[in-house]
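The sequence and structure come first, then the points grouped by topic.

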Amino acid sequence: MTELPKIDFLYLNEQDMIAAGVTDMAGCVDTMEDMFVLLNKGDYRMAGANNDSHGAMIMFPEESPFPTMPKPTADRRFMAMPAYLGGDYCTAGVKWYGSNIANRDKGLPRSILMFTLNDADTSAPLAYMSANLLSAYRTGAVPGVGARHLARKDSKVVAVYGPGVMGKTSLAAFMATCPEIDTVKVQGRGKRSLESFIDWTKETYPQITTIEVLDDIETLVRGADIVTYCASGETGDISKYPVVKRDWLKPGAFLSMPASCEIDKGLEQPDVRKVLDNIGLYEAWFEELPKPAHQYVPIIGVKFMDMIDEGKMPRDALEDLGDICAGATPGRQSDDEIIILSVGGMPVEDVAWGTVLYRNALAKGIGTKLNLWDEPVLR
């Protein structure tokens, strides 16, 4: 943005992010697919020994002698999520992630996120941006990429367990990739979130002619072409994770699971395809976590790693979404096969979408220019 050594960078607040296109779900889905092709090529890096780590998280003890130290309550974490992405992006960045489920009682989102984008050569900051919408849309876009390749082309009925932000963005991505959807079935714990989801769906997607509110998860899942579990909750007791059973599913169902989930023995069987957004991400998690790992990270792909460790499934039973996007592995092969996509989320996604939005902001003159220095005091 400036002649070196002077460094300026852009600050983008939430309204700036919207103006730059953060809510363009169709564009985000396309960007995520492009990113997955780069993952298949290996032109990326994340943290950890295998370059696939989700990030580094501060852990708080159950008991502390310091009265001001945060307690390890549900969704209580601070986390740094760094990544580099090559290709046409050639940028690096880090998302700083703060989360506390009690924020809702204060009128705040559960998570409050910021993202820093850096030049991959000099490491100079390019932008510092509000990241709640960035994170929500890139997370929702990955199920859309999955649906593009793995859902039936004639999918009409979507079942959403958890009508919060992730439920909305997942539905938005399905709508961007499966244009015949006309029915949404939804289940949630709170009246306010349900009403918000319904109002948003009616306003955003008038082509959806039927919205069913259900209070039984089996009834929710039965008859759906696409099933997604998007509810956050406490970890530690796998028996309390929301379950999906094979007998509930119609032939050809596509399951997109970006949140807590447990499956029955029927869905463990080898004829059910098991796709991960990045196998290396789950291997990194599994290496870092106590066992069984699914007890600590409730994403269904982590259960698959437990199954491999316990001898219940070979590693080559897992498929990688990047391989599918790159054409190295086939997408859906029949109208009857059941496919589960585990969505863990990766910082490389933030880098991809954040870079697109930064370049949009530059082109449109959006954001506030801030100065780091004209001349650095130390060299």
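Buried here means under 20% relative accessible area, exposed over 50%, and partly exposed in between (1.4 Å probe, protein chains only). Helices (H or I, at least four residues) and strands (E, at least two) are DSSP runs, numbered from the N terminus. This is a predicted model, in which local features need pLDDT of at least 70 and side-chain atom pairs count only at pLDDT 80 or more, while totals for chains, interfaces and linings use all residues. Residues are numbered from 1 along each chain as its sequence is written, and side-chain values use heavy atoms, with hydrogens and water left out.

- An open sheet is formed by 8 strands in the order β10-β9-β8-β11-β13-β17-β15-β16, with parallel pairing; two strands pair if DSSP finds at least two bridges between them.
- The edges are β10 (210-213) and β16 (318-320), each with a single partner strand, so one side of each has no neighbour in the sheet.
- On average, neighbouring strands of this sheet are turned by 20 degrees against each other, direction ignored.
- Strands β11 (residues 226-229) and β13 (residues 254-257) run parallel and are joined by 3 bridges; V227 has L255 of β13 as its bridge partner.
- Helix α3 packs on the sheet, where it touches β13, β15 (273-276) and β17 (339-342), and its direction makes about 165 degrees with that of β13. Contact means heavy atoms within 4.5 Å.

**Helix α3 with α4**

- The axes of α3 (residues 132-150) and α4 (residues 165-177) come within 7 Å and cross at roughly 40 degrees, which makes α3 oblique to α4.
- Axes are lines fitted to C-alpha atoms, for helices over the stretch in contact, and angles run from 0 to 180 degrees between N-to-C directions. Angles under 35 degrees count as roughly parallel, over 145 as roughly antiparallel, 65 to 115 as roughly perpendicular and the rest as oblique.
- The α3 and α4 crossing is right-handed, meaning that the near helix is turned clockwise from the far one by less than a right angle.
- Residues making this contact include Y137, G140 and R148 of α3 and M166, T169 and F174 of α4.
- By class, the α3 and α4 contact holds 9 nonpolar, 6 polar and 1 charged residues. Ala, Val, Leu, Ile, Met, Phe, Trp, Tyr, Cys and Pro count as nonpolar, Asp, Glu, Lys and Arg as charged, and the others, Gly among them, as polar.

- Helix α2 (residues 25-41) and α3 have axes that come within 8 Å and cross at roughly 75 degrees, which makes α2 roughly perpendicular to α3.
- Among the residues of this contact are D30, E33 and F36 of α2 and R138, V145 and H149 of α3; the contact has 9 nonpolar, 3 polar and 4 charged residues.
- The axes of α3 and α11 (residues 347-364) come within 9 Å and cross at roughly 115 degrees, and the two helices are therefore roughly perpendicular.
- The crossing of α3 with α11 is right-handed.
- This contact includes L134 and V142 of α3 and D350 and W353 of α11, and its residues divide into 6 nonpolar, 2 polar and 3 charged.

**N360**

- N360 lies in α11 and is partly exposed, with a relative accessible area of 27%.
- N360 and G21 are 339 residues apart in sequence and 7.6 Å apart in space, C-alpha to C-alpha.
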